[in-house]
Amino acid sequence: MHQQIPHESAALHVTGEALYIDDLPSSPSLLIGRVVYSPYAHARIVSYDLTKAREAPGVVAVLSAKDIPGHNQMGPVVKDEPCLAAEGVTFIGQAVFLIAARTDAQCRAAEKLIDVKYVPLEAILTLEEAIAANNLLGPPRRMQRGDVEVALGSAPHVLKGELRTGAAEHWYLETQAALCVPGEGPEMTVYSSSQNPSETQKLVAEVLGVKKKDVVVEVRRIGGGFGGKETQGNHVACWSALLCRATGCPVKIRLFRDEDMIMTGKRHRFLTRYEVGFDDQGKLLGVKFELNSDAGAATDLSFAIMERAMFHCDNAYYVPAIDVTARVWRTNLPSNTAFRGFGGPQAMAAMETVIDRVARYLHKDAAEIRQANFYGLEQDNVTHYGQVVENNRLHTIFDQLMKSSEYAARRKAVQEFNAANEFWKKGLALTPVKFGISFTTSHLNQAGALVNIYSDGTVLVNHGGTEMGQGLHTKIQQIAATELGISIDRVRVNATNTSKVPNTSPTAASTGTDMNGMAVKHAVETLKDRIAECVAALFNERDPSAVHTAKGDCCFESDVIFDSRHPERRIGFAEAIPQVIVRRVSLSATGFYRTPGIGWDKTKGVGTPFRYYAFGMAVSEVLVDTLTGAMTLLRTDILHDAGDSINPGIDTGQIEGGYIQGLGWCTTEEIKWDSAGNLMTHSPDTYKIPTAKDIPIDFRVTLLEQATNPNAIYGSKTVAEPPFMLGLSTWMAIKDAISAVANHTVEPEYALPATNEVILLSIEKLRNMMKVNASEPVHA
């Protein structure tokens with residue numbers, strides 16, 4: 001425990017031996033599935049003829065909505081997302097027909113033979129169009145504390161503005177994929193690249209018209225998810241299952257990269273309007289937020305995502321009076337979905353914009369304004385939804401990072417550089433993150449596990465979480481080995497399987513280790529109790545002297561079980577297990593965990609939705625070419641609170657990766673649609689994720705020390721989502737560099753992502769404003 005154990009699949013990843021859906025051994029009867037999708041953003045289906053396609057060489061089945069034996073629905077929460085379009089389509093990329101053939105080429109040839117007629121309808125493609133048409137997906141939500149109107153009315157200074165944050169593609173390395181294999185009668189096994197096997201099981205059973213007991217979903221590993229496979233991994237599984245049922249053959253669907261990007265949802269675009277009141281020192285007195293999100297064509301998880309945005313619009317800052325109104329809008333684009341941070345990044349970007357504007361208005365360093373508004377330790381420590389910010393690390397992290405990053409000296413150096421250079425400008429920024437950990441849908445905060453010990457002393461662990469590269473299985477392996485006191489090579493974590501651990505929650509909300517780790521711990525504790533009772537009896541039988549070993553005396557350590565009071569009484573773990581079996585004691589146990597101390601009243605907008613908060617900060621320094629808008633990331637310093645890290649190596653990797661992914665959202669990852677709703681950025685040549693050249697030239701990541709978390713397993717904290725928001729430090733550093741063009745006297749026009757185009761246009765507007773101001777006559 002708390003050691004840098006290599007990822008359990010690291011060697012398999014490097015050698016290419018790790019099995020993903022497309023690598024699974026295939027049978028001679030395997031068919032390839034293909035999805036035929038809508039070419040229109042909004043249209044009515046007038047007619048279609050599948051006859052020629054069904055007669056094409058190699059084709060075994062062509063399905064429409066009429067061929068679905070069960071429910072034509074795969075909406076995870078609200079049933080507003082048909083599996084196959086029946087009467088009309090609501091976005092480009094919506095599935096209309098399914099084809100199964102011997103080869104992908106045969107599927108594509110058959111697709112060209114489908115005769116379908118559409119009548120195009122008016123489409124809503126932007127948030128502004130949705131707002132103008134009042135195309136709400138559901139009723140508005142509101143959270144508030146204090147009287148914001150009074151606070152704004154009495155504040156010495158008030159600023160207003162709006163911020164647009166863009167969509168983003170998950171760009172998991174393994175595209176959406178599923179392999180379905182028929183069994184006896186209604187039975188089916190689904191090998192899925194899904195973050196949510198139990199939900200996949202449920203939806204597959206529903207579209208097939210069978211019971212959950214007839215469907216087994218297995219996930220060995222996922223080639224990246226980031227939230228994009230929490231609900232939308234279900235789609236490919238449902239389509240594959242329908243073709244499998246229709247043909248009686250195994251069917252695999254793996255989306256081509258371009259098709260994956262066209263068909264699947266993104267991070268929600270936000271349009272946020274804000275108003276802030278503050279005093280001469282920069283203390284926030286009142287903030288009003290209006291959050292607007294683009295849900296796309298169906299509900300998916302949009303309301304839960306908006307709710308988390310509402311929770312996190314404060315980020316790390318105490319605001320005495322705050323009013324947050326949130327609206328989710330429907331557009332004719334693919335249904336947007338979960339993405340690392342789950343609404344938190346969009347809301348935090350708005351709050352960081354507020355802080356930055358206050359600092360520029362008052363001609364102060366933004367780090368000073370941030371520190372002045374941090375949540376307090378003993379007072380000013382309650383959020384706008386009523387949860388106390390316990391074990392607040394913000395002040396400790398700030399003090400340590402300001403020193404280790406040499407912030408003050410670098411700020412002075414940046415100012416000197418900018419004063420001496422007209423066409424190159426540097427920017428420096430510090431941004432924090434305070435991120436709540438738990439599902440805000442309270443009943444999802446539960447996990448199960450199954451642990452088996454075999455006669456040779458080896459251990460097989462099943463749990464409800466899915467491994468997608470984040471190292472969850474490695475941490476579970478460490479937990480099981482630590483609890484049993486055995487070497488880690490004795491433990492294997494098996495594929496996640498709904499027949500082993502049922503009714504699981506998705507691996508999401510950064511809860512994977514917290515919940516599944518505790519479930520495994522509870523299962524192991526049950527087994528240890530049984531083993532200890534047998535071993536104690538064995539010790540007493542072997543040496544029936546006055547010395548008596550009780551089961552509570554038995555310790556498990558270094559592959560040995562021994563009496564803590566009489567250490568000479570000992571037996572090897574592997575030697576003890578056959579003795580336990582001889583005594584007819586079960587060496588299989590389940591474990592269950594439900595997160596304690598949480599509860600949330602959605603109606604009143606108050607409660608304790610989170611088990612704890614994760615904290616972190618980053619300082620980034622950039623160099624901007626003001627003639628081209630090109631940006632170079634010179635240095636980033638991160639100090640992150642991972643509690644007592646279970647695996648510092650894996651956690652550091654997650655922090656680095658999360659930050660870089662956040663950097664991409666903030667800078668290069670721009671998604672564009674044309675006026676008809678076609679995705680223009682649907683491949684790696686048009687959609688730019690960060691590469692090795694985008695990583696900071698000087699990249700320093702440190703875990704906060706002496707930061708035990710009393711609310712999670714072994715004092716640890718999750719690191720999955722919070723580091724993503726640290727990418728905002730780079731976004732703010734770029735704005736600082738832009739602002740230097742006008743000597744920080746004018747608020748730059750800015751948006752997210754800050755592409756070269758956004759940077760250059762912002763600089764040009766500043767220069768034009770300066771020219772106008774210079775040409776105006778000076779009046780006495």
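This is a predicted model: local features need pLDDT of at least 70, side-chain atom pairs count only at pLDDT 80 or more; totals for chains, interfaces and linings use all residues.
**Entry 1: burial and overall form**

Buried residues make up 59% of the 780 residues in the chain. Next I looked up the radius of gyration. A compact globule with 780 residues would have a value near 28 Å, and the chain has 28 Å, so the two agree. I also noted the box filled by the C-alpha atoms, roughly 105 × 80 × 50 Å along the principal axes. For secondary structure I wrote down 19 helices and 29 strands.

Then I turned to contacts between residues at least 6 apart in sequence. Of these, 80% join residues at least 24 apart.

**Entry 2: domains**

I looked up the domain assignment. It gives domain 1 (10-15 + 29-122 + 170-263), domain 2 (270-440 + 603-773) and domain 3 (446-594). I checked how domain 1 and domain 2 meet. I found 24 residues of domain 1 in contact with 26 residues of domain 2. The C-alpha centres of these two domains lie 36 Å apart.

**Entry 3: the cores**

Which residues have the most contacts inside the largest nonpolar core? I found Leu284, Phe289, Leu291, Leu728 and Trp731, in a core of 115 residues. Helix H10 (residues 344-362) gives the largest share of this core, ten residues. Domain 1 and domain 2 each supply at least three residues to this core.

**Entry 4: a sheet of four strands**

I traced an open sheet of four strands. Their order is E19-E18-E17-E24, and the pairing is mixed. Strands of a sheet pair through backbone hydrogen bonds, either parallel or antiparallel.

Which strands stand at the edges? They are strand E19 (491-493) and strand E24 (588-594). Each has a single partner strand, so one side of each is left without a neighbour in the sheet. On average, neighbouring strands of this sheet are turned by 20° against each other, direction ignored.

I then looked at one pair. Strand E17 (residues 446-453) and strand E18 (residues 459-463) run antiparallel and share five bridges. In E18, Val459 is the bridge partner of Ile453. Helix H15 (residues 512-542) packs on the sheet and touches E17, E18 and E24. The direction of H15 makes about 140° with that of E24.

**Entry 5: two loop residues**

I picked Leu137, in the loop between helix H4 (127-132) and strand E7 (141-145). Is Leu137 buried or exposed? Its relative accessible area is 13%, and buried means under 20%, so Leu137 is buried. Leaving aside neighbours within four places in sequence, Leu137 has contacts that include Ala295, Ala298, Phe303 and Trp329. Leu137 and Trp329 are 192 residues apart in sequence, yet 5.2 Å apart in space, C-alpha to C-alpha.

Asp214 counts as buried because its relative accessibility is 10%. Again leaving aside neighbours within four places in sequence, I found Asp214 in contact with Pro186, Glu187 and Met188.

How values were computed. Residues are numbered from 1 along each chain as its sequence is written. Side-chain values use heavy atoms; hydrogens and water are left out. A nonpolar core is a set of buried Ala, Val, Leu, Ile, Met, Phe, Trp, Tyr and Cys residues joined through side-chain atoms within 4.5 Å. Buried means under 20% relative accessible area, exposed over 50%, partly exposed in between (1.4 Å probe, protein chains only). Domain bounds come from an automatic or database domain assignment. Two strands pair if DSSP finds at least two bridges between them. Axes are lines fitted to C-alpha atoms, for helices over the stretch in contact, and angles run from 0 to 180 degrees between N-to-C directions. Contact means heavy atoms within 4.5 Å. The radius of gyration is taken over C-alpha atoms; the globule rule is 2.2 Å times the number of residues to the power 0.38.
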